Amino acid sequence: MEWIEFPSLSRETLRDIRVTLDDGFKEFTRAYGETLEAMLEPLKIFLIWLEDLLISSPWIIILAVIVAAVYAGSRNWKIALGTFLALVAIGIFGMWEDTMRTIAMVTVCTITAIVLGIPIGIAMSRSDRLQAIITPILDLMQTMPSFVYLIPVVMIFGLGKVPGVIAVVIYAIPPMIRLTNLGIRLVDKDVLEAADAFGSSNWQKLKDVQLPLALPTIMAGINQCIMMSLAMVVVASMIGVRGLGQPVLQAINNQYFTLGVMNGLAIVAIAIIFDRASQAYGKRLQKHSEVIHG
Amino acid sequence: MASDGIEIRNLYKIFGPKGEDYVDLVKGGMSKAALNEQHGHVLGLNDINIFMPGGKITVVMGLSGSGKSTLIRHINRLIDPTAGEVIYQGNDVCKMSDAELQDFRRHKTAMVFQKFALLPHRTVLKNTVYGLEVQGVDKDEAEQRARKWITRVGLEGFEDHYPNQLSGGMQQRVGLARALTNDADILLMDEAFSALDPLIRMDMQTVLLDIQEELEKTIVFITHDLDEALRLGDHIAILRDGAVIQQGSGQDIVLNPADAYITDFVKDVNRGRVIEVDTIMTKKEPPKDALIISSGAMLEDAAKKLSEAGAVNAKIVDGTGKLLGSITIQDTISAMVTPATH
């Protein structure tokens, strides 16, 4: 028998380990929960302000602003027209308000991921040791089932918008960091040498050479980050984030097929709008690489 | 504008994690192959001593792997030496602090690269102002100075083009304009014209010589092409396996090659373009009707003048018209075709 069953720790020991860790974490939550919550208060205020702005402004203005922003970024009337039609359809099928909440949420999450992710990516690109430390953490963040890290987040912050943002950012920030790091590391060594030869400081090299040349890769990171934020809205709705995820969750629980499909399609529509607009914008920034000497 | 010379003294570079430990072995005569075999370190430069005169073009020549690109990177310390000194205006570049080095690179040197190394996301104008931008020069002034050099290298009208809209030759003109706009005393050119096709290369050499006549910068030019070295170099140093095997004027090297390796190198050289009339002239009194040729002229030009005039004799005079010696067309032609023994 002894070779059939794995010699695991006894039930009592395992229970003790769990209880100790759980109690420890609860202790931590009680001690620091409020401080952490206070630290993230500005994020909450910004998210609520943006959500209110999108919902309480007349829909026609919001529609015009979004379509204009998409056109300004992409300079492509097809993408702008697609955006217009998609938003009108969303409005007609009664999903306008939820869509606005989701857009506000994704915007805040993406901005947070960019603000945190780009500096971390830059730091990582400058030190091989830091890269060796951060890479497994990013692997963990991307593969750990999101429900698992929802537990401590909810324990500290409770239900609501801020834990939602944290959960989404944990899931969406890895590609931002990875691609910033990769983009900077791939910058042509010859060009960097030239920058050195002219006596550039580290900051001048970063700002005038490394970041501009890494921009296409960084833009791909931002694009991935937006897509992954949208993918997380349903999971985030489980901890009380309102928006398009909530009706989907409701549809799962009650087997409302049509409700699920409609809201799912609305998420897809927003994803495509964000994706095409951000990619077209990224491409436009790279106009120097388009015309090749024949 | 007079520029100062650069003196390289006892410079060694050993690539590998513990380069310093092996300097003494190399000083004791260990060869590049032995160092690599016994200690796994690569000897990059071996006891380099070169004086690069101010306001002149010094060419460092060698085949690939000879250490010439490593050497030029020691002058602005893109590579740190293992031992030795690089003296400019009394200061050792190798001992400068980071801040001093940054200042030295900004104000005293400019560099042109084999693969151009332009900033692909910037236009020609914005590439050209890069050095001044790094120095913190006001934008309008920087662009004004850049435009002058863009015109000088023949790129007027291309200011707003991106590098990949230009041909290789034009891209290297941008590289040259970027370096010249910096207005530094030292111009480092690392195989600057090697990536260009022969006609464009000749063209760029002419541009460089024209500009040098006016500016008299201290230019260090790296090449693997002997014809280019002889055309451009006031002073030529030949490198092999990280060591200087001969240095001198182009004429010295062609006339007195130091070893079989260099003899082999120079045997196909057009001597008529390298040897000066002064080298072959004799003290023999020229006839009254002799042609006048000025000192420093190349044999090829002298032969051309003599044969065009149908003359046999020519007298060599210096700038003030003073008689220095004489040549005959036979002497001239035989010096062009056979190794001269004067």
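Analyst: In chain B, 6 residues of domain 1 are in contact with 4 residues of domain 2, where contact means that the C-beta atoms of two residues, placed from the backbone, lie within 7 Å. On the side of domain 1 of chain B that touches domain 2 of chain B, helix α11 (residues 250-255) of chain B gives the largest share, 4 residues; helices (H or I, at least four residues) and strands (E, at least two) are DSSP runs, numbered from the N terminus. That side of domain 1 of chain B consists of 4 nonpolar and 2 polar residues, with no charged ones, counting Ala, Val, Leu, Ile, Met, Phe, Trp, Tyr, Cys and Pro as nonpolar, Asp, Glu, Lys and Arg as charged, and the others, Gly among them, as polar.

This is a predicted model, in which local features need pLDDT of at least 70 and side-chain atom pairs count only at pLDDT 80 or more, while totals for chains, interfaces and linings use all residues. Residues are numbered from 1 along each chain as its sequence is written, and chains are lettered from A and ligands numbered from 1 in the order in which they are written.

The assignment for chain B, which is automatic or comes from a database, sets domain 1 at 6-108 + 184-269 and domain 2 at 273-337. Between the C-alpha centres of domain 1 and domain 2 of chain B there are 35 Å.

Chain B also holds an open sheet of 3 strands in the order β11-β12-β13, with mixed pairing, two strands being paired if DSSP finds at least two bridges between them. Because β11 (291-294) and β13 (323-328) of chain B are edge strands with a single partner strand each, one side of each has no neighbour in the sheet. From one strand to the next, the twist averages 30°; for such values, axes are lines fitted to C-alpha atoms, for helices over the stretch in contact, and angles run from 0 to 180 degrees between N-to-C directions.

Strand β12 (residues 313-317) of chain B is joined to β13(B) by 5 bridges in the antiparallel sense, and in this part Ala314(B) is placed opposite Ile327(B) of β13(B). Across β11, β12 and β13 of chain B lies helix α14 (residues 299-309) of chain B, which runs at about 165° to β11(B).
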